[in-house]
Amino acid sequence: MSENVLRIAVQKSGRLSEKSLELIRSCGIDFYADGRVLRQRASNFPIEFLFVRDDDIPTYVYDGVADIGIVGKNEFDEKGLELDIVKDLGFSKCRLSIAVPHDFAYDGLKSLEGKRIATSYPNILTKILLENGVSAEPVFVSGSVEITPQVGIADVICDIVSTGTTLRMNGLEEVEQIYFSSAVMISRKGFSSSTDEKASILFRLLERIDAVNLAKNKKYILFNLPAGKLDESAAIIGGLKSPTVTPLMDKNWLSVQAVVSEDRFWSVFEELKGIGAEGILVLDIEKMTE
Ligand code: PRT
Ligand code: ZN
């Protein structure tokens, strides 16, 4: 019997590649990827990579060539295939926006009535126009969308925006954000809850991803605290069943350890100092579970 191996399709080279591979490596999975080998088996986890163009990932998963894939939600929705989003991975965030030349009098989506809108995402655009009762003409272009108003192919554009620099450099103004995207993990319908033995490999992978994500933006802090201040420090720290408390040789002091989210870190730090905490040590957390 052949060994069960979960096959994952990831972008060969582009805006998703590095983050996709980084995520899987952070799960302790070792593999070799140099951009020329298009199929690669991990050395310490039953997973095999297919390195492909992002446009092909939904189809590969739909056809069963791959079990799962990592792709932009925009690409997934544009393809419109019956697939599951197993997990929103949160990276490669971007948006689809309407952008217009500076002399275009924009006053809401209704201003697009009867206009030609250049886009690489005609299906997503059409759906949103329909929902807003606007009848316009999507013009499909596969790239360099920003140039189309200047060369007379379209009146306005609907394109992916991240920082907005490309639009500005091409004399366009972002007037409406119509759709938001980030990288998602996809599978064929029902795969993650199926009895397919490969679904249990996916489950292990997702558990590792959750552990990595949970640790992100969290800090581990250790400090010494006057013994009478324990309740106050617990109120400052809050959260998980923390803190962990260890007695010190000097009975008037305790050593305290806790996990604090990064966004609260400085206020917690200052408040702990305020109640007499000393020797505050801050550490990164690599992985954790609830
Ligand atoms: O070769 P392959 O087909 O695999 O890759 P690709 O060229 O089709 O895709 P790629 O690598 O450019 O993008 C892959 C995915 O990354 C997209 O489907 C989005 O989900 C996501 N993503 C995130 C982006 C951007 N940010 C982005 N800024 N995709 C494209 N852009 C482009 C956009 O089209 C525009 O030309 O960047 C420009 C705008 O960027 P800013 O920062 O100037 O606003
Ligand atoms: Zn592509």
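Residues are numbered from 1 along each chain as its sequence is written, and chains are lettered from A and ligands numbered from 1 in the order in which they are written. Because the model is predicted, local features need pLDDT of at least 70 and side-chain atom pairs count only at pLDDT 80 or more, while totals for chains, interfaces and linings use all residues; side-chain values use heavy atoms, with hydrogens and water left out.

In soluble globular proteins, nonpolar side chains tend to be buried together. A nonpolar core is here a set of buried Ala, Val, Leu, Ile, Met, Phe, Trp, Tyr and Cys residues joined through side-chain atoms within 4.5 Å; buried means under 20% relative accessible area, exposed over 50%, and partly exposed in between, with a 1.4 Å probe and protein chains only. The largest such core comprises 29 residues, and I29, I47, F49 and L205 have the most contacts inside it. At least two residues each are supplied by strand 1 (6–11), helix 1 (17–26), strand 3 (47–52), strand 4 (68–72), strand 11 (183–188) and helix 6 (197–215), where helices (H or I, at least four residues) and strands (E, at least two) are DSSP runs numbered from the N terminus. Helix 6 gives the most, with seven residues. Apart from this core lies another, of 18 residues, including L96, F104, I124 and L125. With neighbours within four places in sequence left aside, L205 is in contact (heavy atoms within 4.5 Å) with L6, C27, I29, F45, I47, I68 and M185.

Not counting residues up to four places away in sequence, E75 touches D54, D55, P58 and Y121.

Five aromatic pairs are present. Rings of Phe, Tyr and Trp (its six-membered ring) pair if their centres lie within 6.5 Å; planes under 30 degrees apart count as stacked, over 60 as edge-to-face and the rest as tilted. F265 and W266 form an edge-to-face pair, because their ring centres are 5.0 Å apart and their planes stand at 70°. F265 is buried at 9% relative accessibility, whereas W266 is exposed at 54%. F265 also pairs with F269, with centres 5.7 Å apart and planes at 40°, so this pair is tilted. Both F265 and F269 lie in helix 8 (residues 265–274), four residues apart, about one turn of the helix; F269 is partly exposed at 21%. Elsewhere, F31, F49 and F51 form one aromatic cluster. The charged end of R25 sits over the ring of F31, 4.1 Å from its centre; this requires CZ of Arg within 6 Å of the ring centre and within 35 degrees of the ring normal.

An open sheet is formed by four strands in the order 13-14-12-15, with antiparallel pairing; two strands pair if DSSP finds at least two bridges between them. Strand 13 (244–247) and strand 15 (278–284) stand at the edges, each with a single partner strand, so one side of each lacks a neighbour in the sheet. Nine bridges join strand 12 (residues 218–226) to strand 14 (residues 253–261), and N224 stands opposite S255 in strand 14. Helix 7 (residues 230–237) lies across strand 12, strand 13 and strand 14, at about 10° to strand 14; axes are lines fitted to C-alpha atoms, for helices over the stretch in contact, and angles run from 0 to 180 degrees between N-to-C directions. Helix 8 also packs on the sheet, touching strand 12, strand 14 and strand 15, and its direction makes about 5° with that of strand 12.
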